[in-house]
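The following exercises are to be worked with the sequence and the model in view. Each task is followed by a solution in steps.

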Amino acid sequence: MLASILVLATDAATTATDLLDQAAGDAKTVKNPILPTVNEMFWAAIFFIALWALMKFVLLPRITKVMDGRTDKVRDDLAAADAAEAERVAKLEQYEAGLAGARAEAVAIIEASRAEGDAERRTQIAAAEAEVAAARAEAAAEIADAKARARSELTGSITDIAVGAAEAVIQKPLDRAAQGRIVEDYVNAAGQN
Amino acid sequence: MSILAQATTAAEAALTAADQKSISAAGYAGLAYGLATLGPGIGIGYLVGQSVQAMARQPEAAGMVRTTMFLGIAFTEALALIGFVVFILLKFV
Amino acid sequence: MIFGLEFPPIENLVEWPNLFGPTDSWYGFNKIALINLVALVATAVLFLLAGRRKTLEPVTNAPKGSRNLVESAVGFIRDGIIVETIGPDGLRYLPFLASLFFFILITNIFEVIPFFHMPGNARMAGPAVLALLTWVYFIAVGIKHQGLKYFWNSVAPAGVPKALLPLVVPIELLSTFIVRPFSLAVRLFANMLAGHILLVTFTVLCITLWGASLLLAVLPFSFLMLVGLTGFEIMVAFLQAYIFTILASVYIGSSMHAEH
């Protein structure tokens with residue numbers, strides 16, 4: 001670092017005079033590098049304004065026209081898609097409403113038929129029970145009838161046998177009617193045991 | 001150091017007052033530019049850091065933050081660039 | 001002179017002899033003017049290529065090639081700059097701002113184009129003209145939208161107490177009508193000049209090191225730095241075009257509506 005500074009310093013010392021002599025001669029022609037020069041400003045203004053005019057009237061309208069066209073197309077397509085979606089949703093709702101109606105109808109039909117079946121079953125059961133009760137009553141009557149007949153037959157025959165046996169024993173006819181009553185009382189008492 | 005001093009005196013002997021002025025101006029040009037970078041350097045660092053934080057917190061606002069960040073950088077950077085222009089003016093004019 | 005490194009004087013870096021026209025005349029056409037002309041022609045050709053009827057039909061096709069490039073750039077200026085800073089009202093200023101963007105971008109990008117290696121905006125002339133036009137443009141927009149009250153509205157923001165006006169008005173006057181165009185021009189100019197000097201410095205270093213015997217070892221670093229800085233300068237060229245355009249857009253937008 002020190003070496004470079006030394007070289008710089010000595011170089012400055014030896015060449016400064018030459019450079020400065022030269023610079024003194026050029027002092028008039030050396031321009032400030034910051035300031036704009038007239039010719040460059042002139043051409044820059046010409047070319048920029050030309051570009052601006054071209055851009056405004058020729059170049060940009062073509063591009064923006066296409067871009068706007070595409071934007072409109074995209075917007076229209078999106079709107080159409082939205083409309084289709086809304087339609088689809090509406091149809092779906094309609095279908096679901098129909099489905100729900102059909103389902104309710106089916107449920108109603110099932111309920112109705114079930115009620116009908118119940119009623120039918122109930123009447124049939126009632127009819128069957130009535131029939132059964134009638135049959136049973138008839139059977140009971142028949143049984144009672146048969147029992148009465150059997151009892152009377154039994155009473156008659158027992159009376160005959162008992163009266164015959166007693167006549168054979170005592171060798172004399174008995175009052176048949178009085179013996180019959182005794183036998184009947186006996187049979188009745190036996191039937192009740 | 002003694003050689004440096006000799007060299008400097010030799011240079012001084014060879015130069016007029018105007019040359020002295022231009023040489024010292026050339027030396028100060030670097031200093032001027034170096035100083036001019038400090039503030040904008042800190043400023044731009046802080047600005048971009050905060051912008052990144054804002055973008056990380058709210059990624060949906062990233063576009064707006066980025067635009068504003070570039071605007072802020074442009075304004076902050078102007079100071080450093082004026083320092084650079086001063087450098088050119090001191091060094092070459 | 002350090003190790004035989006001789007940095008050329010700045011006039012050699014930025015001042016160019018006239019290609020035609022006498023020296024120091026008002027119409028001398030030099031390299032800077034040529035770069036500006038190329039910026040005009042290149043933009044026009046690019047847009048015309050993009051706007052050919054063949055590439056336009058049908059409108060539903062995805063943009064390709066030059067049309068894709070131009071549409072991306074125009075879309076960027078429209079959505080990324082104008083809509084962000086002015087709003088949809090500002091779309092009528094698209095031609096001016098698009099011209100600014102392309103003109104500055106192409107004149108800047110000549111910094112790294114072989115055989116030119118000179119950013120057109122490293123001379124104060126281009127930025128000064130553009131900043132002056134922007135200045136005139138935003139004042140004209142202000143007068144068109146607010147009438148002559150524009151000048152009062154722009155120097156006296158609403159809500160400032162009357163007692164502070166003597167202090168605020170000079171500051172706002174200075175910042176709106178003097179600092180704005182000046183900083184616009186200086187920002188662009190100084191960025192491009194700094195980049196140009198940076199690239200020249202490393203190029204001169206590379207050339208010098210090529211001859212020096214022992215210091216040849218440093219050459220790769222210097223060269224890599226040069227390559228890296230070239231990429232950086234391409235970014236700066238784009239960024240400066242963007243910043244100039246967005247600031248012009250902000251100024252125009254602030255002229256359209258009184259500040260509140």
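This is a predicted model: local features need pLDDT of at least 70, side-chain atom pairs count only at pLDDT 80 or more; totals for chains, interfaces and linings use all residues.

**Exercise 1. Chain B**

Among contacts in chain B between residues at least 6 apart in sequence, what percentage join residues at least 24 apart?

*Solution.* 
Step 1. Chain B contains 3 helices and 0 strands, in the order α-α-α.
Step 2. Of the contacts in chain B with a separation of at least 6, 82% join residues at least 24 apart.
Step 3. For residues 29-90 of chain B, an unreviewed UniProt entry lists "domain: V-ATPase proteolipid subunit C-like". This span is 94% helix and 0% strand, and its end C-alpha atoms lie 5 Å apart.
Step 4. As for burial, 12% of the 93 residues of chain B count as buried.

**Exercise 2. The architecture of chain C**

*Solution.* 
Step 1. The secondary structure consists of 9 helices and 0 strands.
Step 2. The C-alpha atoms of chain C fill a box of roughly 70 × 60 × 40 Å along the principal axes.
Step 3. Of the 260 residues in chain C, 39% are buried.
Step 4. Among the contacts in chain C with a separation of 6 or more, 65% are between residues 24 or more positions apart.

**Exercise 3. Helix α8 of chain C**

*Solution.* 
Step 1. The helix α8(C) has 47 residues, so at 1.5 Å a residue it should span 69 Å.
Step 2. The end C-alpha atoms of α8(C) are 65 Å apart, which agrees with the expectation.
Step 3. A kink of about 45 degrees is found in α8(C) at C:Val179, shortly before the proline C:Pro181.

**Exercise 4. Core and surface in chain C**

Which residues have the most contacts inside the largest nonpolar core?

*Solution.* 
Step 1. The largest nonpolar core has 78 residues, and those with the most contacts inside it are C:Leu97, C:Leu100, C:Phe101, C:Ile104, C:Phe189 and C:Phe244.
Step 2. Helix α5 (residues 94-109) of chain C supplies the largest share of this core, 12 residues.
Step 3. Beyond its neighbours within four places in sequence, C:Phe244 is in contact with C:Leu100, C:Ile104, C:Leu184 and C:Leu188.
Step 4. C:Arg92 lies in the loop between α4 (65-85) and α5 of chain C.
Step 5. The C-alpha atom of C:Arg92 is separated by 9.6 Å from that of C:Ile82, 10 residues away along the chain.

**Exercise 5. The two sides of chain C**

How many residues of chain C are in contact with chain B, and how many with chain A? State which helices take part.

*Solution.* 
Step 1. Between chains C and B, 13 residues of chain C are in contact with 12 residues of chain B.
Step 2. On chain C, α8 (165-211) and α9 (219-256) each supply at least two residues of this side, and α8(C) gives the most, with 6 residues.
Step 3. This side of chain C divides into 9 nonpolar, 2 polar and 2 charged residues.
Step 4. Between chains A and C, 36 residues of chain A are in contact with 44 residues of chain C.
Step 5. On chain A, α1 (2-26) and α2 (38-170) give two or more residues each to the side that touches chain C. The largest share, 25 residues, comes from α2(A).
Step 6. The side of chain A that touches chain C comprises 25 nonpolar, 4 polar and 7 charged residues.

Key:
Residues are numbered from 1 along each chain as its sequence is written. Chains are lettered from A and ligands numbered from 1 in the order in which they are written. Two residues are in contact if their C-beta atoms, placed from the backbone, lie within 7 Å. Helices (H or I, at least four residues) and strands (E, at least two) are DSSP runs, numbered from the N terminus. Ala, Val, Leu, Ile, Met, Phe, Trp, Tyr, Cys and Pro count as nonpolar, Asp, Glu, Lys and Arg as charged, and the others, Gly among them, as polar. The expected span of a helix is 1.5 Å times one less than its number of residues. The bend at a residue is the angle between axes fitted to the seven residues ending there and the seven starting there. A nonpolar core is a set of buried Ala, Val, Leu, Ile, Met, Phe, Trp, Tyr and Cys residues joined through C-beta atoms within 7 Å. A residue is buried if 20 or more other C-beta atoms lie within 10 Å of its own, exposed if 12 or fewer, and partly exposed in between; C-beta atoms are placed from the backbone. UniProt positions are given in the numbering used here, feature names are shortened, and annotations may be inferred rather than shown by experiment.
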